[in-house]
Amino acid sequence: MELGDSTDDIPLPNLQGQLVSLCLFERPTIQFFDAFKMPAYHSIFLEDRDVPVIGNFPILPLRTRTRGPAYTLPPLNIDDIDVSPESESYDCVDEILSLFRANVLFRNFEINGPADRMLIYGTLFISDCLGKVKPTMTAREAEKALTNAALDNFSIPGDVSFPLNQAFEPPRDRQDAETLRQFISQVRQEIAIRLHARLYPGGVGPSKFWLSFTKRKFMGKSL
């Protein structure tokens with residue numbers, strides 16, 4: 001697979017001749033002839049022990065201009081979509097986007113802590129966003145489609161329509177539910193903005209490489 005038209009390439013697992021386990025919350029493994037196993041990528045923010053949670057969903061810091069409950073990280077000094085994890089501005093949206101193309105290939109994922117739930121949600125939302133972008137869309141048309149996707153009504157843990165309630169705890173009250181909804185809205189808007197930059201680098205696109213993941217369903221789920 002060609003990686004040339006992407007600016008944040010990471011190695012992707014080769015699934016040829018492999019069998020992916022279908023159990024949702026057991027440790028994700030790929031069996032490769034001699035039982036070779038390759039785990040999915042987990043969040044580095046699992047190491048942050050002081051992150052507030054609502055239910056078991058983390059309210060992680062964000063690099064954003066959108067108002068909401070997230071602690072705001074410093075803006076980047078340069079307009080660069082590749083942010084080092086060592087940067088003080090690196091956030092969960094950077095991580096979600098950088099790991100998407102590897103993790104979306106997995107049918108199961110072991111949750112090691114709240115930050116992994118953010119990674120799961122963001123990965124599923126990127127898949128939804130890619131489904132909104134058509135190969136013939138201009139950058140402006142795609143920007144509108146992604147913005148609408150981010151601002152559309154969405155369910156949160158505890159809602160009947162939320163697809164992962166078996167692994168996500170509901171908020172304890174209405175106030176927590178509203179705070180969680182505002183935070184997830186911030187995340188969705190940031191993902192839409194930064195995904196658009198990857199789909200249309202320099203205003204040209206959409207990237208055929210990114211759109212090649214449109215039909216992939218992480219864990220067989222969708223939001």
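## Helix H1

The model is a predicted one. The buried set runs from Cys-92, Val-93, Asp-94 and Glu-95 through Ile-96, Leu-97, Ser-98 and Leu-99 to Phe-100, Arg-101, Ala-102 and Asn-103. Charged residues are among them, including Asp-94, Glu-95 and Arg-101.

Three helices pack against the buried residues of H1: H2 (114–132), H4 (174–199) and H5 (208–211). At the start of H1, Asp-91 contributes a side-chain oxygen. This oxygen comes to within 3.2 Å of the backbone nitrogen of Val-93.

## Glu-190 in helix H4

Helix H4 holds Glu-190. Is this residue buried or exposed? Glu-190 counts as buried because its relative accessibility is 6%, and the cut-off for buried is under 20%.

Leaving aside residues up to four places away in sequence, Glu-190 touches Arg-63, Thr-64, Arg-65, Thr-66 and Val-93. Val-93 is also one of the buried residues of H1.

## The second largest pocket

The second largest pocket has a volume of about 240 Å³. Its lining comprises 13 residues. Nearest the centre of the pocket lie Asp-128, Asn-153, Phe-154, Arg-188 and Leu-223.

Which helix gives the most to this lining? H2 does, with four residues.

Key
Residues numbered from 1 in each chain as written. Predicted model: local features only at pLDDT ≥ 70, side-chain atom pairs only at ≥ 80, totals over all residues. Heavy atoms only, no water. Buried < 20%, exposed > 50% of the residue type's maximum accessible area, 1.4 Å probe, protein only. Helix = DSSP H or I, 4+ residues; strand = E, 2+ residues; numbered from the N terminus. Contact = heavy atoms within 4.5 Å. Polar contact = N/O pair within 3.5 Å; in protein donor to acceptor, adjacent residues only side chain to side chain. 1 Å grid on protein atoms, 1.4 Å probe; cavity = no way out; pocket = protein on both sides within 12 Å on 5 of 7 lines; lining within 4 Å. Points joined across faces, edges and corners; volume = space filled by probe spheres on them.
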